[in-house]
Amino acid sequence: MDSEHLAPVEPYGLTGVRVAHRAILADGERLAGLLAALAAAAEPAEPARARAIAGYVHRYNDAVRGHHREDEILWPLVLDAVPDAAEAVAGIVRFVDDLAALDALQADCDAAAARFAAEPGRHARRLAGLLTRRRDLLAAHIEAEEEHVLPVIAGRVPGAAHAAARARMHGADRPADPAWARAWMLSHATEAEARCLLPSAVADRAALEPQLRAYAAEASAVFTD
């Protein structure tokens, strides 16, 4: 295939996916570690902080679900690009199975976070265990996706097909709090990645500052002792 018809090595879709992966892994680790520490502490979290943690868990879960909806748009590109269709289908089936398990686990995390907000001393251990399991499952899923899916999309998917997928990703269901999800992702992005992700908004970076400051304040309230 003529290389000029291939997607760029890091088109928008893959930049967004890679930044989302970085954000998901970092906060999966931070949340699991935080709740493990709170579960082991002699005193429960203060009520206000418990509510802040629960709210963060809910918004994080929603952002992860949004990323997975985008994954489901990108995966079919692999089926069309890989010569061995049977092998590709088997890989996609595994990813779909991963997401089914993650969806169930995230629903459990949401329910446990709500109980933790109401009674942090009683429910910290349960939430900590669920967040640890979710962190490990997400890490394995993302590692496999970066190893097996993204290189195919970057190197073998025609540019037109990738552009069509990007358009569908833009039209996919948005997070319940898109401003939070945007600030969350940008907090894990380099300046170059931010320019790629938000080319029009970054031209007026000051317009994003209130969202970024609000996210930073929330993250500090959640993760800082």
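Among contacts (heavy atoms within 4.5 Å) between residues at least 6 apart in sequence, 84% join residues at least 24 apart. The model is predicted, so that local features need pLDDT of at least 70 and side-chain atom pairs count only at pLDDT 80 or more, whereas totals for chains, interfaces and linings use all residues. Residues are numbered from 1 along each chain as its sequence is written, and side-chain values use heavy atoms, with hydrogens and water left out.

**View 1. The chain contains ten helices and zero strands.** Helices (H or I, at least four residues) and strands (E, at least two) are DSSP runs numbered from the N terminus, and along the sequence the pattern reads α-α-α-α-α-α-α-α-α-α. Of the 225 residues in the chain, 45% are buried, where buried means under 20% relative accessible area, exposed over 50%, and partly exposed in between (1.4 Å probe, protein chains only).

**View 2. The largest nonpolar core holds 61 residues.** Such a core is a set of buried Ala, Val, Leu, Ile, Met, Phe, Trp, Tyr and Cys residues joined through side-chain atoms within 4.5 Å. Leu-35, Ile-53, Tyr-56, Tyr-60, Phe-116 and Trp-184 are the residues that touch the most other members. Two or more residues each are given to this core by α1 (12-40), α2, α3 (85-118), α4 (120-148), α5 (150-156), α7, α8 (191-197) and α10 (209-223), and the largest share, 13 residues, comes from α2. When neighbours within four places in sequence are left aside, Ile-53 is in contact with Leu-34, Leu-35, Leu-38, Phe-116 and Val-222.

**View 3. Tyr-56, Tyr-60, Trp-180, Trp-184, Tyr-215 and Phe-223 form one aromatic cluster.** Rings of Phe, Tyr and Trp (its six-membered ring) pair if their centres lie within 6.5 Å, with planes under 30 degrees apart counted as stacked, over 60 as edge-to-face and the rest as tilted; the structure holds six such aromatic pairs. The rings of Tyr-56 and Trp-180 have centres 5.3 Å apart and planes at 80 degrees, so this pair is edge-to-face. It links distant parts of the chain, with Tyr-56 in helix α2 (residues 47-81) and Trp-180 in helix α7 (residues 178-186), 124 residues apart. Both Tyr-56 and Trp-180 are buried. Trp-180 and Trp-184, by contrast, form a stacked pair, because their ring centres are 5.9 Å apart and their planes lie at 15 degrees. These two tryptophans both belong to helix α7, four residues apart, about one turn of the helix, and Trp-184 is buried, as is Trp-180.

**View 4. The charged end of Arg-30 sits over the ring of Phe-223.** The distance from this charged end to the ring centre is 3.8 Å; the criterion is that NZ of Lys or CZ of Arg is within 6 Å of the ring centre and within 35 degrees of the ring normal.

**View 5. Glu-193, in helix α8, makes a side-chain polar contact with Arg-22.** The two side chains approach to 2.8 Å, a polar contact being a pair of N or O atoms within 3.5 Å in which, within protein, one must be able to donate a hydrogen and the other to accept it, and residues adjacent in sequence count only if both atoms are side-chain atoms. Glu-193 counts as buried because its relative accessible area is 17%. Neighbours within four places in sequence left aside, Glu-193 is in contact with Thr-15, Val-19, Arg-22 and His-188.
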